[in-house]
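Trainee: Could we go through this model together, starting with a sheet and then moving on to side chains?
Mentor: Gladly, ask as we go.

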Amino acid sequence: MKRLLKSLKINWLSSFYAPGFYLLLSLGCISVTFLISQATSFAQRVVAVIFLLFFCFLLIYKFPQYRQLLVLFLGIISLITLLNQQTSETKIGEPIQIYSDQVKVSDQFFYGEGRIGKNKVLISGSINKSLEKELNRFGGCYLVNYKAKVEQIMPATNPGEFDYQKYYRSKKIRERVKLESYELYPKKITIFDWIHILRKWLIDYFEKMPQFTRFFASEMVLAQNPSPENKVLLNSYRDLGIIHLLSISGLHVSLYILGIMWLGTIMKRTEEELTIFCVLFLIIEILLSNFQAGFVRASLSYFWNVFFKRKKVMISSGDKLGIVALTHLLFNPLLFLNSGAILSYLLVFGLEISKDFKKIKQNIVLNLLITPILLHNFYRINFLTIIYNFLIVPIFNFILLPLTFIVIFIFWCLPDIVRISEPIFKVIADLTNFIADKQVGLITFGQINWFQTIFLLAVTLFLIIMPKNKVKKLKLRVILLGAYTSLFCLIHFPLKGQVSFIDVGQGDSILITTPLNRKTYLIDTGGKLNFGKRKSEPQLNRITIPFLYAQGIDHLDGVFLSHQDADHIGDLKALLDQIPVKHLYFARGLTDNQSFMKKISNHLNDVQLMLLLAGDKVRESGIDFDVLYPFKAGLGKNEDSLSITFKLANKRWLFTGDLGREGEKEIQNHYNFQVDYFKLGHHGSKTSSDPDFLKQLNPCLVFISSGRNNRFGHPHQETLKTLKDLGIPYLNTQDSGTITWNYSPFQGDKITTFYKGNTK
């Protein structure tokens, strides 16, 4: 052991003269963290082990003298990652520590992050005046003598949906605490609390600014955007591929350093003083930005640069990146659960291996390098991102960023400055929204799986680092282009069709597609039932839209609307605003419903309205829909629910919306048929799915679309007992997440559930 420590003390600096060691070591350690914290399947574990063995082999082969150092680092990273994977039991009853900068208050309700003992948790509950006053006064407090419900943070239950469980796991948060009642206990302010007090002061300070000035100030300093009114602008930056300009990242560190150095030179400060000030500024900004991954990476890079310069140590830029990654992993071994961290390090690595390329070629290479990660996580790319960066980055660097900080520093004494800043910010925001709205260059590619992501990354890396051999480079280009083309065709011209019951909570939304020359239809859109004054963003934005984009679906051939209820068509307007729809199918009489017409009023010229009654047929390419109900026009109430049947792969389906037993009897009296699959009426309510009706249908399986812990108690026990008595099995979205029936002309049909991964 003494020999090892002596070796470390003497050799850790000298190893810098052997370029590559720390870069390879960091890649090996990253492989370890992936193996321990992210590999969920046997195949993923095998791939992670292969990468780990490959990097270890290279290290031992190239640097045999540092075998002990390799074992030590891998052991430390493995141990820290394992420790971060395990959390102690949350002891309900211990005081909950909260800070005002980590919770948000909206309509007498608060939510955010807190701490119970050593464990970080999500908290939520009703706020009272005492708590609000305490938070505003002291910045933090304890909640004691509370009653609360504790639950694990749910993973994504739909394909394409953002996985909050994984996201919060990267922040070491695993549980959600819903408070029913609590008492306050004041918290003494310590030196560690001042950063929270400063963050809260800045949040309140920015809140006094107008919309767009507030938006850029919050993004540049706090790495957050508290206002939902700027959601459109955020989406515009994302669609143009320039989202990296927002929320302080590695790009901003160099700009901050340049600004500080420039001001320091004018003030005739020494280099030593300016370096100390830069280090202090970056440390404070790391805390203010809540450890935003890209900013931490770039700041660590600056800190190590200062250290190497003072010690006069020569080091390759690749090894410097490796040391930065190792340092970052020591502080946060779950770092690479965050896609933002992966993109940040991948971009810097790309800059390193393409540093000899011309500017335009380097930009192309960097975009190629991050494209697999973008497709795996976000499903859409803009192939004109390079052009948009060239256009907008100068505006951002030389107008937006300087103006933002000028306003931040003088707004307190000269609030009228916003009369200048706000129009400038608004013009640039409007221009960005206008360009993004045209969707020029934007492609809904679809989601690629983890194995495809690794393959595309590997081919791209080989293409970049391959020596200048025209024949080999041409082959790699052909392979890369062929891979992207093949994946695009497989996603957009799939060999399988589907009927998918999307898990939209307490509501209905069913996607139907055909194979090959794909046609796409939706039955209902889902929607949130709002009780009280609180209104949230349409859940379609976080569930259905990503679900469609993940499959490369950017338009719908038709949307069937069962009836007017919010849990069925509440998100219709949000859908029409974002996805082109050719036809809207609904029962006659719904156009007399003012609430419904208000939802579609802005799209009457974009979509064709198709009014239906029992006996009507909808003949579409690949699917024939038969309308069974209603027999007369209504206003879209439950008893007017549009009911349709169709056949796919010789399997008959039936959907009846929220139709009650009386309506079922009418269908039973007019038609005599059986079905293979039936979507149980009214989310499994006892008011629907009459036993005689079910007996006549004789389905081999029924589906229930209902929310977890819904206030209606759906599905009702009476209905489940009826199913049991009749020997009819069922699947429920509240248990299984999205339920998908896939069919193929080549492989037959199969049912899979996303949440539990069951196959029937």
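**The sheet and its side chains**

Mentor: Seven strands form an open sheet of mixed pairing, in the order E14-E15-E16-E17-E18-E19-E20, where strands are DSSP runs of at least two residues (helices, H or I, of at least four), numbered from the N terminus, and two strands pair if DSSP finds at least two bridges between them. This is a predicted model, in which local features need pLDDT of at least 70 and side-chain atom pairs count only at pLDDT 80 or more, while totals for chains, interfaces and linings use all residues. Residues are numbered from 1 along each chain as its sequence is written, and side-chain values use heavy atoms, with hydrogens and water left out.

Trainee: Which strands stand at the edges?
Mentor: Strand E14 (617–620) and strand E20 (730–732) do, and each has a single partner strand, so one side of each lacks a neighbour in the sheet.

Trainee: How does E14 run relative to E15?
Mentor: E14 and strand E15 (residues 623–629) run antiparallel and are joined by four bridges, with Arg619 standing opposite Asp624 in E15.

Trainee: Switching topic, how many salt bridges are there?
Mentor: The count comes to 22 salt bridges, taking a salt bridge as a side-chain nitrogen of Lys or Arg within 4 Å of a carboxyl oxygen of Asp or Glu. One of them joins Asp690 and Arg661, at 3.6 Å from N to O. That pair links distant parts of the chain, 29 residues apart, with Asp690 in the loop between strand E18 (677–679) and helix H25 (691–697) and Arg661 in helix H24 (residues 661–670).

Trainee: Is Asp690 buried or exposed?
Mentor: Asp690 counts as buried because its relative accessibility is 8%, where buried means under 20% relative accessible area, exposed over 50% and partly exposed in between, with a 1.4 Å probe and protein chains only. Arg661, at 29%, is partly exposed.

Trainee: And what about Lys721 and Asp725?
Mentor: Their side chains meet in a salt bridge at 3.0 Å, N to O, and because the two are four residues apart in helix H26 (residues 717–726), about one helical turn separates them. Lys721 is exposed at 53%, and Asp725 is exposed at 55%.

Trainee: Last one, how many disulfides?
Mentor: The count comes to zero disulfides, a disulfide being a pair of cysteine sulfur atoms within 2.5 Å. Cys56, for example, has as its nearest cysteine sulfur that of Cys29, 8.6 Å away.
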